[in-house]
Amino acid sequence: MENYGPQLPEEDNLHEHFAFTVDKGQAPLRIDKYLMNYIENITRSKIQNAAKNDGVLVNDVPVKSNYKVRPNDKIRVLFEHPTYEALLVGEDIPLDIVYEDDQLVVVNKPAGMVVHPGHGNYSGTLINALIYRFKNLPNNSSDRPGLVHRIDKDTSGLLVVAKTEQAMTHLSLQFAEKTSEREYVALVWGNVEADEGTIEGNIGRHPKNRLQNTVFLDEEAEKGKPAVTHYKVLERLGYVTLVSCKLETGRTHQIRVHMKHIGHTMFNDERYGGNAILKGTTFTKYKQFVENCFKVLPRQALHAKTLGFKHPKTGEFMRFETPVPEDIEACIEKWRGYSKF
């Protein structure tokens, strides 16, 4: 899916928000149901209203909400309001700035903060905070000010933001050429048998649940993009394991998808099924214990702990670390206590 930035007004004052091509293997499906799976936080009534206003186009022809999508259909979704990226407003939101100079800023993002505006999240994002604090941030290839990379809403941790065009170009190249350093700490379900290992598997959108990604191998590999994750066991805690994950690539949900692929779903990762009891006993007390862990840590147990890169101006390699936040640490402590019994 391509999520576009500022668009020129279309006919009848409609503005394009989404454009994508249907997969080759897609079975016939009503377009309103298809788009519900494809666009996060949208309602079916909003899609149907857009279709009534000729805002859902297939191969540049308006269709009704009962149109059944076909392989290779080119879909465009238009609304009456401009894209929210085009209407970005700075907001005075506190930021935990780890480092700043004239070229870049390193931010420790809290869990729950969305990195950039999108459907259903139009304010309160990291970008809203950045453009309030910093003027004339350079746009990346998706017209998002300052963003070199991103982390998921409910993942906490470090991000680098470019303040100049030179920094944007230089830092983006490092991420593309895999020379940056990114280490995450994660709590996953199950006992990870090997002390360390590498997960390789192309990542792409799940064919049935478009809000998830999945691993494609062998003859299906072309459906995804290459992804490599190196993991190392930090601590074994019975029915869960604390691991370090280093990214060689930066695909959407990469660690979450790769760890699930090898049978170790992220603890309390609702989107990928980690908010169910995947390992352990059937005892009521155990169920209550896990539920209490979920309350202590009401999000996926993933933290971007270490970030390293060459400074775009000086060439010096810089490495930043941030402590595991209190909610993950509290959850780990509970498992430490339980695993001793």
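The model is predicted: local features require pLDDT of at least 70 and side-chain atom pairs count only at pLDDT 80 or more, whereas totals for chains, interfaces and linings use all residues. Residues are numbered from 1 along each chain as its sequence is written, and side-chain values use heavy atoms, with hydrogens and water left out.

In soluble globular proteins, nonpolar side chains tend to be buried together. A nonpolar core is here a set of buried Ala, Val, Leu, Ile, Met, Phe, Trp, Tyr and Cys residues joined through side-chain atoms within 4.5 Å; buried means under 20% relative accessible area, exposed over 50%, and partly exposed in between, for a 1.4 Å probe and protein chains only. The largest nonpolar core holds 32 residues, of which Leu-126, Val-243 and Ile-255 touch the most other members. Two or more residues come from each of β9 (104-109), α3 (126-133), β10 (156-162), β11 (181-189), β15 (228-236), β16 (240-247), α5 (254-261) and β17 (302-310). Helices and strands are DSSP runs numbered from the N terminus (H or I, at least four residues, for helices; E, at least two, for strands). The largest share of this core, 5 residues, is supplied by α3. A second, separate core comprises 20 residues, including Leu-35, Val-56, Val-69 and Ile-75.

How many residues of α3 are buried? The count is 6 of 8, and the helix is mostly covered. Leu-126, Ile-127, Asn-128, Ala-129, Leu-130 and Ile-131 are the buried residues of α3, and they pack against β9 and β10. Ile-255, for its part, is in contact (heavy atoms within 4.5 Å) with Tyr-184, Thr-229, Cys-245, Leu-247, Met-266 and Leu-302, when residues up to four places away in sequence are not counted.

Two helix pairs come next. Axes are lines fitted to C-alpha atoms, for helices over the stretch in contact, and angles run from 0 to 180 degrees between N-to-C directions. Helix α6 (residues 284-296) and helix α7 (residues 326-339) have axes that come within 8 Å and cross at roughly 160°. The two helices are therefore roughly antiparallel to each other; angles under 35 degrees count as roughly parallel, over 145 as roughly antiparallel, 65 to 115 as roughly perpendicular and the rest as oblique. On the α6 side the contact is made by Tyr-286, Phe-289, Val-290, Asn-292, Cys-293 and Val-296, and on the α7 side by Asp-327, Ala-330, Cys-331, Lys-334, Trp-335 and Tyr-338.

The axes of helix α1 (residues 31-38) and helix α2 (residues 44-52) come within 9 Å and cross at roughly 130°, which makes α1 oblique to α2. Asp-32, Lys-33, Leu-35 and Met-36 of α1 meet Arg-44, Ile-47 and Gln-48 of α2.

Most residues other than glycine have a negative phi. Asp-60, in the loop between β4 (56-58) and β5 (61-62), has a positive phi near 70°, and its relative accessibility of 53% classes it as exposed. Asn-72, in the loop between β6 (68-69) and β7 (74-79), likewise has a positive phi near 70°; with a relative accessible area of 44%, Asn-72 is partly exposed.
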